[in-house]
Amino acid sequence: MSANTNSQTERRIIYLVLLIAVALPLIFPIGWKTEISGYTKLAWELIQNTPDSSVVVFSFDYDPSTLTEIQPMAEAMLEHSFSRNQKIIAMALWPQGVQMADQAFTEALKKYPDKKYGVDYVNLGYKVAGIVAIQAMGKSMPEVFPSDQRGIKYEDIPMLKKVKTLRDVAFICSLSSGTPGIKEWVMAARDPLGTPVTGGTTAVSAPGLLPYVNSQKQLYGLLGGLKAASEYETLINKIGSATIKMDAQSIAHLLILVFIIIGNIKAFYNSKRSEQ
Amino acid sequence: MKKILLVLLMGLLLSFLFAKSSFFWVEDVPWDDGKALIIKANVPADTVYLQKALEDGSWQTLYAGKGINLEYTDSELNPDLEYRYRLLVPRPTFGDSISFKAIAKPIEQWFYLHKLSYLLILLAVSFAIVYYVQKARKGKDYYIRRINGLDSIDESIGRATEKGKPILFVPGIGDLDDIQTISSLTILSHLAHKAAEYDTEIIVPCRFSMVLSASREVVKEAYIKAGKPDAYNQDRIFYLTDDQFGYVAGIDGIMVREQPAANFFLGSFYAESLILAETGFSTGAIQTAGTAQASQLPFFVVSCDYTLIGEELFAASAYLSRDPQQLGSLKGHDFGKLLVILLIVAGVIAEMSNWHWFKAFFEGAQ
Amino acid sequence: MSGFMATFGLWLSVFFTLSIFSFLYKDNPFYKLSEQIFVGLSAAYWLVYLYYSVMVPNLFNKLFTDFKGNLILLIPTVLGLMMLLRLIPKTQWLSRYPIAIMIGTSAGINMVRYAKTDLLGQISATMINPFAADNVVTVIGNILLIVGTICGVYFFYFSKKQEGIRAVPSKLGIWFLMISFGASFGYTVMARISLLIGRLEFLLKDWLHIIK
Amino acid sequence: MKYKVPLIFAFVCGILVVISEFIPHRPFNMLITTLQDWFMIISGFAIILGQISLFQANIKKIRGKNPDWPFYLAGLISFSIMLIVGLFWGTQEYRGILGHGDKIQAAIGMKPFDYLFANAFMPLSSTMFSLLAFFIASAAYRAFIIRSFESNLLMITAVIVMLGRTSFGGMLTSWLPQGLYFLHLPNLSDFIMEFPNSAAQRAILISAALGIIGSSLRIILGIERSYLGGDK
């Protein structure tokens, strides 16, 4: 039992040190710079090269639990899309995504106050059933979204006049932290319809989605985690929340490496002792 | 004779004008659901106007611009209707314009041709699975290689018996419609049988009521088969809560209080994988985990003694149960894997030899 | 009033944040309370949004504005109600009909979507000429990609003994899997730390005003 | 009857989806649209079902005086409050049964539903997940011990990626000459992600896809019927 209590104490020490190590750089920022990876660049290029006044879809498929990672991406990508004069359809495959979308738009509209609802952007709200909903959007969007969040009929929204199915949008950007999310968009929109899909996801999901960023561009670039968010902010010359938080991130990573080293030293001593 | 020739010539000219002029014509989009037409024009003019007849008789301009090699796809059409288009080529010197007309009806086809490769692969794999399942049902026994993670079962039960401590089995957080949960229950059946033989207690906390009733059934059956129906204790297989984190917190409590000698985490797991494996480790149990959830595998691999990776979970369940349905299906999947390997090799060779049609066929380019 | 409510809301958030963090020391009543409130709130959240964004526009509005034209929607409504009969043991069997429709439809969708994206899509994405790249690093990478995919798939091949020469690709396959798990682990560290940063930022900025 | 008809339903729906994937001709493309519409409505009811059973389970625990019953009561109360304010006064964008509740909005600054979301739901949900940061640190501490070749492979990759994904990792190796620049930590970490990681993930995707095709096929053909409960 004593070994157990011992490991309990050890565990609590680790927790405490980690807490302090993350808090300090938040209070005293260091200002390290990040390098831009190819995946982020690719996603940026898609938005950058999509022509003026194309209609695009931003799908908010996450909830507050992953807010820190994904919200900065959402804000940066929205801002970028607005700056390219694209018309944005917002929607959500997660019910909590609706609130996340509202927050992101409030942020982006601060920079672009003349964007008009219904003309430059629209919020269609949440839809249940994930991949089935996307599949149905491929056949008919008004069928899936008879009206927007405010109750305005789909047909009466100016920017949606020419958008009948997902084929008519220039790209889909899914900000997702699980299922349904990017994978479902690739499966039900990109592969059958050919509409480009890009997006941002948590660092947990990123490795599993990277195989889709291939020569066929099943996925047109991908933002994975806070680092990618800060890279995107760099690309659009924005000093956003992600950039500021990268210092804490770097310190925490280093600390975990230190933990690994200590753990190994301890294991080495233990094995020596048991040999004797 | 001359008259006939003249009439023929006239007819030819007319049919040219109406059916397919070489300046302006409409084609059906092949292999689709009959909702689109391609309008093509080739007129050496800098400005042309492409217009479509609306129901009220007016003309809607679809395109304005250069007339050379013009291709315009009009989509969202109704396959029952005929559509009329015209091309206006303005003649500024005369102050008027020449107009070409074309009429067409979109046609619905019976197959998406670009999906041929996709259909073929799906059919091949499906037939293989059905074929092997049928054969297995008729009594053919298929070989499955030994799976490393399964070695832990005997070791765990041995350890638990020695220490007089129970075994903890967690069937994952998926409901019964998840095949991972079903595989997990098959393994539970085998484990319960062994546990009954050695008189070791087995604890099964469940997240869903459907999983609970299935687990009870499975364990009870195993105890009866082992000839110890009296040793079966229904209260050790219980429902905790539907909530993900509540469920995990409950299991954590069990691990700390009961100190099981061995933990099995088999089924579908999400973010809680790490919490379970970490707490289990701190109690010193031998841990075996298995999931097809790729994002959670690293944590199990790192903190458990044995891990069934991805499809190994399904294979383990087929291996232990010898259920012909599962065995046959697995054999069918294996056929699919061989096909995949062959196709990849063939594809790489084709690409290196510049035969790009091969890859294009599988990409299903339209 | 609204000023007071804002302050109260802030303290509420702080209370919940700290209560959950207290679990790190050990399980305690504050944690349990927060956990149950969380469960209750999230269940209600789902229901509310389901009502407004699915039930109202896709079902109720259609039925109320044009009942005759949408008569067909009564079928899924009845099926949905049959689903709810699951709650009563006697009528439980009726829920099998809607469940069968849902499971059958998703099985069909899964089958075609996975076959296209994860099977066909990934196979053709691996059909590459490794030597077409313009630098050595990418050429090596491409070769690794092809070999790794093949060996990985072979690792999951169960119906042959993997001994002698047959064991080699399988062994290679497991190495690739381990590298991939390591990479995922590294990535996940980043994700989890980000979440912690988010919470600390809230405590330090919105509550304690230590950072701006 | 109790099993046969549902199995036929599952078969018809599954086959319809598969056929409409390949045949563009009517009636399939229209049937599938209808089926998808229905699916969304039925799954709406399925979510309601889940929430009601949660409600029931809590009531059962409170009645049975489970040792933790006050907590379950708190859960029940919070559920009811959130549901009632949500339905009565709606959310930020949706109008509730009783309208927008302008007076209440003026009093607390926003709609009560959004207030609860921002000040209770959001902190709870995000803090719950942030606990994992601590668990992952302790897991790394005790599990990344040099052992077998395979576990070392995992550990080394994890370390490279962890370093490569920070600003610090970039600085650590920025002195490398141009020729060795692929060893630069961010590049190396991207290389691992792009090639060996993608290869392994691809292998997992392919074999899992085969497994899913197999089980879906078994469900459609009615060979696999455990989802209906009861017999095998």
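Q: In chain B, in which element is confidence lowest, and in which is it highest?
A: This is a predicted model, in which local features need pLDDT of at least 70, side-chain atom pairs count only at pLDDT 80 or more, and totals for chains, interfaces and linings use all residues. Residues are numbered from 1 along each chain as its sequence is written, and chains are lettered from A and ligands numbered from 1 in the order in which they are written. The predictor's confidence in each residue is the pLDDT, from 0 to 100; helices (H or I, at least four residues) and strands (E, at least two) are DSSP runs numbered from the N terminus. In chain B, helix H1 (residues 2-18) has the lowest mean, 62, and strand E8 (residues 167-170) the highest, 95. Chain B averages 83, with 93% of the residues scoring at least 70.

Q: What is the strand order of the open sheet of three strands in chain B?
A: Strands of a sheet pair through backbone hydrogen bonds, either parallel or antiparallel. Pairing requires at least two DSSP bridges between two strands. Here the order is E1-E2-E5 (chain B), with antiparallel pairing. Strand E1 (24-28) and strand E5 (70-74) of chain B are the edges, each pairing on one side only.

Q: Over how many bridges do E1(B) and strand E2 pair?
A: E1(B) and strand E2 (residues 37-41) of chain B are antiparallel over five bridges.

Q: How many residues of chain D are in contact with chain C?
A: Contact means that C-beta atoms, placed from the backbone, lie within 7 Å. By this criterion, 105 residues of chain D touch 101 residues of chain C. H8(D) gives the most to that side of chain D, with 24 residues.

Notes:
Contact = placed C-beta atoms within 7 Å.
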